[in-house]
Protein chains: 2
Amino acid sequence: MAINTRTEYALRALLEILNSDGEAVSAAEICRRQMLPKKYIEHLLAGLKAAALVSSTAGARGGYILARTPDQIRLHDIMQAVDDTSWELGCNGKDDKYCLGADCGLHGIWNEIAEKLHNTLQEYTLAYIFEQNKTRETT
Amino acid sequence: MAINTRTEYALRALLEILNSDGEAVSAAEICRRQMLPKKYIEHLLAGLKAAALVSSTAGARGGYILARTPDQIRLHDIMQAVDDTSWELGCNGKDDKYCLGADCGLHGIWNEIAEKLHNTLQEYTLAYIFEQNKTRETT
DNA sequence: AGAATAGCATACCAAATTAGTATGTATTCA
DNA sequence: TGAATACATACTAATTTGGTATGCTATTCT
């Protein structure tokens, strides 16, 4: 159980977009600054756009901007945008063939835990992470 | 990001062992009752033993018993026992080649989040899960 | 003692997921 | 028009996950 690179990269991309303060940033520029693989990031940005976390303009001088204020973009939103299976815990997941179905007493527990973890992640906004990141960089 | 079957199966095995109330339960018996693949569970039980969550006796009439009281066995312990990479979040993970190293301001954030998630998981003891499970079954 | 039962260790294998690439098309600006 | 860019689809490679196979070692029962 670990946070995958999709979430990490998406977060880094969003931080880079936020850092450009309203000016559209191209995928190429994001990748150059964060040293990330371009085509892969384009994929992830498509997910972020579908989730309405960013909006984009094509063509020359185009790129991405945030579609919400940074305090309205939360970590779990980001995770879901690039990794749509997130938080199907235990036998609540799509097709656990060993789950005992109606007799399985674990469903309730997994739901409870998933909700708690979910809430914890939602506490982290892009705005907060951006500030922390900046603080660290300048010390 | 999801809890894998290792954790799920390990938990189910532990519940089954707890349910036998001190009598050793064989891997075969656990698998029969929970309908789990035997060889795979043997693997997981080896992990649980290495983590000192269960102890075992070999030979005829042998099997597994809990090595701690069920309120001392916590969910994250179980996860770590069967999945030792658990909670290396983001670029704190083993070898994120795109991490910017000393200049990466995300390490602190990931640590903070990891600790929160960790704490949430540790709140869930085997004893608690067992009770919840039982309650559900008898309603 | 010896058979049966069970844990334990190692290696192997298959399916799924993850990470990343390739190719080409549509859109926008200058 | 042409360069720069997003966007779409398909493919590939590496890793992880889930599971088997084989066989040995330890313990208990008769």
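## Surfaces beside the DNA

Helix H3(A) gives the most to the surface near DNA strand D, with a contribution of four residues. The structure described here is a predicted model.

DNA strand D is surrounded by 30 residues, and the closest of these are Ser26(A), Ala27(A), Lys49(A), Ser56(A) and Lys39(B). Of the atoms of DNA strand D that come within 4 Å of the protein, 63% belong to sugar and phosphate. By class, the surface near DNA strand D consists of eleven nonpolar, eleven polar and eight charged residues.

A base oxygen of DNA strand D lies 3.3 Å from a backbone N or O atom of Gly59(A). From chain B, the side chain of Tyr9(B) has an N or O atom 3.3 Å from a phosphate oxygen of DNA strand D. Two or more residues of this surface come from each of helix H3 (38-50), strand E1 (54-57) and strand E2 (63-66) of chain A, and from each of helix H1 (5-19) and helix H3 (38-50) of chain B.

DNA strand C has 28 residues around it, with Lys39(A), Ala60(A), Ala27(B), Lys49(B) and Ser56(B) as the closest. Sugar or phosphate supplies 65% of the atoms of DNA strand C within 4 Å of the protein, and bases supply the rest. The surface near DNA strand C divides into ten nonpolar, eleven polar and seven charged residues.

At DNA strand C, a polar side-chain atom of Arg6(A) lies 3.1 Å from a phosphate oxygen. Another phosphate contact comes from Lys49(B), where a polar side-chain atom is 2.2 Å from a phosphate oxygen of DNA strand C. A backbone N or O atom of Gly59(B) is 3.2 Å from a sugar or linking oxygen of DNA strand C. The elements that each supply at least two residues to this surface are helix H1 (5-19) and H3 of chain A, together with H3, strand E1 (54-57) and strand E2 (63-66) of chain B. H3(B) gives the most to the surface near DNA strand C, with four residues.

## Helix packing

Two packed helices are described by the angle between their axes and the distance between the axes.

| Helix pair | Crossing angle | Axis distance |
|---|---|---|
| H1(B) and H4(B) | roughly 120° | within 9 Å |
| H3(B) and H4(B) | about 120° | 8 Å |

The crossing of H1(B) and H4(B) is right-handed. In this contact, Arg6(B), Thr7(B), Ala10(B), Leu11(B) and Leu14(B) of H1(B) meet Leu75(B), Ile78(B), Met79(B) and Val82(B) of H4(B). Seven of the residues in the contact of H1(B) with H4(B) are nonpolar, one is polar and one is charged.

H3(B) and H4(B) also form a right-handed crossing. Leu44(B), Gly47(B) and Leu48(B) of H3(B) make the contact with Ile78(B), Ala81(B) and Val82(B) of H4(B). The contact of H3(B) with H4(B) has five nonpolar residues, one polar residue and no charged residues.

In chain A, seven of the eight residues of helix H4 (residues 75-82) are buried, and the helix is therefore largely enclosed by the rest of the structure. The buried residues of H4(A) are Leu75(A), His76(A), Asp77(A), Ile78(A), Met79(A), Ala81(A) and Val82(A). What covers them includes H1, H3 and helix H5 (107-122) of chain A, as well as helix H5 (107-122) of chain B.

## Two loop residues of chain B

Asp21(B) is found in the loop between H1 and helix H2 (27-34) of chain B. Phi of Asp21(B) is near 50°, a positive value in a residue other than glycine. Asp21(B) counts as exposed because its relative accessibility is 68%, and the threshold for exposed is over 50%.

Arg61(B) lies in the loop between E1 and E2 of chain B. Although Arg61(B) is not a glycine, its phi is positive, at about 65°. With a relative accessible area of 81%, Arg61(B) is exposed.

Definitions and conventions
Residues are numbered from 1 along each chain as its sequence is written. Chains are lettered from A and ligands numbered from 1 in the order in which they are written. This is a predicted model: local features need pLDDT of at least 70, side-chain atom pairs count only at pLDDT 80 or more; totals for chains, interfaces and linings use all residues. Side-chain values use heavy atoms; hydrogens and water are left out. A residue is near a molecule or strand if one of its heavy atoms lies within 4 Å of it. A polar contact is a pair of N or O atoms within 3.5 Å; within protein, one must be able to donate a hydrogen and the other to accept it, and residues adjacent in sequence count only if both atoms are side-chain atoms. Ala, Val, Leu, Ile, Met, Phe, Trp, Tyr, Cys and Pro count as nonpolar, Asp, Glu, Lys and Arg as charged, and the others, Gly among them, as polar. Axes are lines fitted to C-alpha atoms, for helices over the stretch in contact, and angles run from 0 to 180 degrees between N-to-C directions. A crossing is left-handed if the near helix is turned anticlockwise from the far one by less than a right angle, and right-handed if clockwise. Contact means heavy atoms within 4.5 Å. Buried means under 20% relative accessible area, exposed over 50%, partly exposed in between (1.4 Å probe, protein chains only).
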